[in-house]
Amino acid sequence: MGLLTYNKTIAHNRFRRPHYPRFVTYIITYRCNMHCVMCTIPSLKSSEELDLHQIQAIFSQLKGLDAVRITGGEPFIRRDLPDVVNVILRSAHPKRVIISTNALLGDRITDTVKHVHSPHRMHFEISLDGIGDEHDLVRGGKGAFQEAMNTLHRVSELRMQEGFNVNVSQVIMDEKGFITYFELQALLDPLGIDIYPVIAYDANTALYSKKNRITDPADAYLYNAHFKGKLRDFLLTLIRKDSYRERGTWMAKRYYLMGIYHRLINGVDMPNPRCIALYSHLRINPDGTVPVCMHNSHIVGNLSANGFEEVWFGKKIKPQREWVNMCPGCWVGCEIIPNGIYTGDIWRSLRLRDIGKFFRSPK
């Protein structure tokens, strides 16, 4: 995306003008081969899934995409995922396709890299929440850790040949997670792979539960004072770290961690960019329906049945855009990072003088 186009996108979001999305989150399936303790997806009813023809029809209508994030469930449950990625790349020409995975289907992951016609445009986010039995317990499956590590070794070798990106995501749910983070990073350093933490939140998001709408997304984080004290030291250590390999990813993660720090440690909602759900950020459910965001599962239309123009620029979406405009803000990473990027807030928040203020913030 050129600077002029980026500035126009920021202006559209600032003045709340409907425009073509730049970032797509495609929940390709609700099916999964794990039962993670922090995930509510198993409680969802199975959903009809778009086939390749429908996916092509939808993505061919999207213009100027920067990134498509494919998530689930477990995306590699779908055996046609390599074909899905190729269809998206050829139809919408995004600069990057990001796939979130538990890495248990290693053969399918490596086959995807070999099958995709532009593997250098791919980015894998692999979940790893502990070491050995600890990870297995969180993910709900014996042997999950070893299989994920086997996959990481394989994709690390492929990355050197094909030029794609890979990082690990760790969900931290208790104090032990702080120690585990550094132990995992020591395991991953020889592979040249960075690990980024995600602070777990109460599983009350609307999109992955049976709820329709969350009235106050800020209530998602529920931790006691002792945990917050440990969290403060952990976050400061990571935010001050400056040795990450993939600079763009690290800037986004640093922005996320700064927001966590201010909310959970200082009790201040900062940064707090305007939400770009239904503006620069489009979410697509497995059946082609379009929800508002993580905290509002209201459906504004079906891209397969109605077409993009009708759904995105029609009358039915307007009340939900008004809801987005009035939302006080949340701090869930998969929402907030696109918000920070496409409002320009990430650059304002990460200026050196702002980072200096952050380090001097109240304890």
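# Briefing: strands, helices and side-chain contacts

Strand 8 and strand 9 (residues 296-302) run antiparallel and pair over four bridges, where pairing asks for at least two DSSP bridges between two strands. Everything here comes from a predicted model, so local features need pLDDT of at least 70 and side-chain atom pairs count only at pLDDT 80 or more, while totals for chains, interfaces and linings use all residues. Residues are numbered from 1 along each chain as its sequence is written, and side-chain values use heavy atoms, with hydrogens and water left out. Helices (H or I, at least four residues) and strands (E, at least two) are DSSP runs, numbered from the N terminus.

**The strand 8 and strand 9 hairpin**

- Two residues sit between strand 8 and strand 9, and the two strands form a hairpin.
- P291 has I299 of strand 9 as its bridge partner.
- Strand 8 (residues 289-293) is largely enclosed by the rest of the structure, because five of its five residues are buried. Buried means under 20% relative accessible area, exposed means over 50%, and partly exposed is in between (1.4 Å probe, protein chains only).

**Helix 9**

- Helix 9 (residues 247-266) has 20 residues and should span 28 Å at 1.5 Å a residue; its end C-alpha atoms are 27 Å apart, which agrees. The expected span is 1.5 Å times one less than the number of residues.
- Helix 9 is mostly covered, with 17 of its 20 residues buried.

**Salt bridges**

- Searching the whole structure turns up 15 salt bridges, each one a side-chain nitrogen of Lys or Arg within 4 Å of a carboxyl oxygen of Asp or Glu.
- R154 and D107 make one of them, with their closest N and O atoms 2.8 Å apart. R154 is in helix 6 (residues 144-162) and D107 in helix 4 (residues 106-115), so this pair ties together parts that are 47 residues apart in sequence. R154 itself counts as partly exposed, at 32% relative accessibility.
- D269 and R263 make another, and here the closest N and O atoms are 4.0 Å apart. D269 is partly exposed at 48% relative accessible area, whereas R263 is buried at 15%.
- R348 bridges to D345, with the closest N and O atoms 3.7 Å apart. Both lie in helix 14 (residues 345-349), three residues apart, or about one turn of the helix. R348 is partly exposed at 41% relative accessible area, while D345 is buried at 12%.
- There's also a network of salt bridges that links R31, E49, R78 and D80.

**Cysteines**

- The whole-structure search finds zero disulfides, a disulfide being a pair of cysteine sulfur atoms within 2.5 Å.
- C32 is in no disulfide, and its nearest cysteine sulfur is that of C36, 5.9 Å away. C32 counts as partly exposed, at 34% relative accessibility.
- For C293, the closest cysteine sulfur is in C275, 5.8 Å away, which is too far for a bond. C293 is buried, with a relative accessible area of 6%.

**Aromatic pairs**

- The count comes to 14 aromatic pairs. The rule takes rings of Phe, Tyr and Trp (its six-membered ring) with centres within 6.5 Å; planes under 30 degrees apart count as stacked, over 60 as edge-to-face and the rest as tilted.
- Y26 and F59 form a tilted pair, 6.0 Å centre to centre with 55 degrees between the planes. Y26 lies in strand 1 (residues 23-27) and F59 in helix 2 (residues 52-59), so the pair ties together parts that are 33 residues apart in sequence. Y26 and F59 are both buried.
- F178 and F227 are tilted as well, because their ring centres are 5.3 Å apart and their planes stand at 40 degrees. This pair links distant parts of the chain: F178 is in helix 7 (residues 176-188) and F227 in helix 8 (residues 225-240), 49 residues apart. Both residues, F178 and F227, are buried.
- One aromatic cluster takes in F178, Y181, F182, F227 and F234.

**Charges over rings**

- R321 lies over the face of Y279, at 5.3 Å from the ring centre. The cut-offs are NZ of Lys or CZ of Arg within 6 Å of the ring centre and within 35 degrees of the ring normal.
- The charged end of R321 also sits over the ring of W312, 5.1 Å from its centre.
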